[in-house]
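Q: Could you go through this structure with me? I would like to start with the backbone and then move on to the rings and helices.

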Amino acid sequence: MPRIFSGIQPSGELHIGNYLGAVRNWVGLQHEFESFICIVNYHAITQPFEPVDLMRRTHEMAVSLLAAGIDPGVATLFVQSHVPEHTELAWLLNTITPLGELERQTQFKDKASRQESVPAGLLNYPVLQAADILLYHADIVPVGEDQIQHLELSREIARRWNARFAEGYFPEPQPKLTPTRRIMGLDGNAKMSKSLGNTVALLEPTAAIWEKLRPAMTDPARVRKTDPGNPDVCNIYQLHKAFSPEATQVHVAAQCRSAGWGCIECKRVLADSMEVELVPIRARAVELAAHPQRVTDALGDGASRARSVARTTIDEVRERMGIA
Ligand code: SF4
């Protein structure tokens, strides 16, 4: 089975943007690929954080991933800091990565420009990301468009290390673009993001979801119920495409274009479609909340499976680099 590696920041409970943009895809892929799914808490500390929050958010992310359908009996789900080989390989790869390539990364320039004091960890973030992937000799990495540049750097680091120490040792990981394009926030202005407050949390109860959907932005040109709308520019229609069956999507588009219904009716249909998918996820999360040891055990098993692969890689890399 080809191997994939996926990483996700411990941002707490998933929102539907993370779910549709990444995690739902991983749930499907875990049956086609040998999957390593990592909660990347070492990456998270390159941004300002509070230790107590980080611990809580790491646990919540694990609950969300398991509730969303990641099966710890099929995929290897673990926390990055439970496998110290990630930082060991990152250091070794740092020694062959030119500074200029790190400084050219768009995400670094963007994040650094918003900070008064820039930690070196922010610059070296893509090297740790390369280590995450190469440690498991991953063939494929599911990514969004905004991660393509970092993955290209991982490929470059693999090529550079292979050329210097062992031709063909690390595979050059290939990107697998996630099928759902990025999900806009309910304000319709920007990507769905917890910091912008425009999200729906994956585990939010029905009534709370409706409170957010009801005032959510639609086609801005549709002022009255009698105005025909354009679903292609409407954020609610994008969510229909993610959650509603195809026949419903066709019906929604026709009703919108002919002013056959108002946006509130359209949103009610969306809320119903979301319930079909989200109710079982919420039920699993309630079950896990009642049995937190199951989460701890799943992460423990995942870490020991990940470590057995990671240790072999580190031993081989050290040997080829002449490090005893
Ligand atoms: Fe959007 Fe539906 Fe309103 Fe059309 S009817 S603008 S798809 S919410």
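**Backbone, rings and helices**

A: Ala259 is found in the loop between α11 (246-257) and α12, and this is a predicted model, which applies to everything that follows.

Q: OK, what is the phi of Ala259 like?
A: Although Ala259 is not a glycine, its phi is positive, at about 55°.

Q: And is Ala259 buried, partly exposed or exposed?
A: Ala259 counts as partly exposed, because its relative accessibility is 22%, and the partly exposed class lies between under 20% for buried and over 50% for exposed.

Q: Why is the pair of Trp161 and Tyr169 called tilted?
A: The planes of Trp161 and Tyr169 stand at 50°, with the ring centres 5.5 Å apart, so the pair is tilted, because planes under 30 degrees apart would count as stacked and planes over 60 as edge-to-face. Both Trp161 and Tyr169 are buried.

Q: Which residues make up the aromatic cluster?
A: Phe5, Phe36, Phe78 and Tyr136 form one aromatic cluster, so the stacked pair of Phe36 and Tyr136 belongs to that cluster, given how rings are paired.

Q: What about charges over rings, say at Phe243?
A: Arg24 has its charged end over the ring of Phe243, 5.9 Å from the ring centre. Lys111 lies over the face of Tyr125, and there the distance to the ring centre is 5.2 Å.

Q: Helices next: how do the axes of α12 and α13 cross?
A: The axes of α12 (residues 263-290) and α13 (residues 292-321) cross at roughly 95° and come within 4 Å. The two helices are therefore roughly perpendicular to each other, because that class covers angles from 65 to 115.

Q: Which residues meet there?
A: On the α12 side they are Glu287, Leu288, Ala289 and Ala290, and these meet Pro292, Arg294 and Val295 in α13.

Q: Now cysteines: how many disulfides does the count come to?
A: The count comes to zero disulfides. As for individual cysteines, Cys263 counts as partly exposed because its relative accessibility is 25%, whereas Cys266, at 11%, counts as buried.

Q: Last one, where is Val223, and how far is it from Ser304?
A: Val223 lies in the loop between α9 (206-213) and α10 (235-243), and it counts as exposed because its relative accessibility is 65%. Val223 and Ser304 are 81 residues apart in sequence, and their C-alpha atoms are 57 Å apart in space.

Key
Residues numbered from 1 in each chain as written. Predicted model: local features only at pLDDT ≥ 70, side-chain atom pairs only at ≥ 80, totals over all residues. Heavy atoms only, no water. Disulfide = S-S within 2.5 Å. Buried < 20%, exposed > 50% of the residue type's maximum accessible area, 1.4 Å probe, protein only. Phe/Tyr/Trp six-rings, centres within 6.5 Å; stacked < 30°, edge-to-face > 60°. Lys NZ or Arg CZ within 6 Å of the ring centre and 35° of its normal. Axes fitted to C-alpha atoms, helices over the stretch in contact; angles between N-to-C directions. Parallel < 35°, antiparallel > 145°, perpendicular 65-115°, else oblique. Contact = heavy atoms within 4.5 Å.
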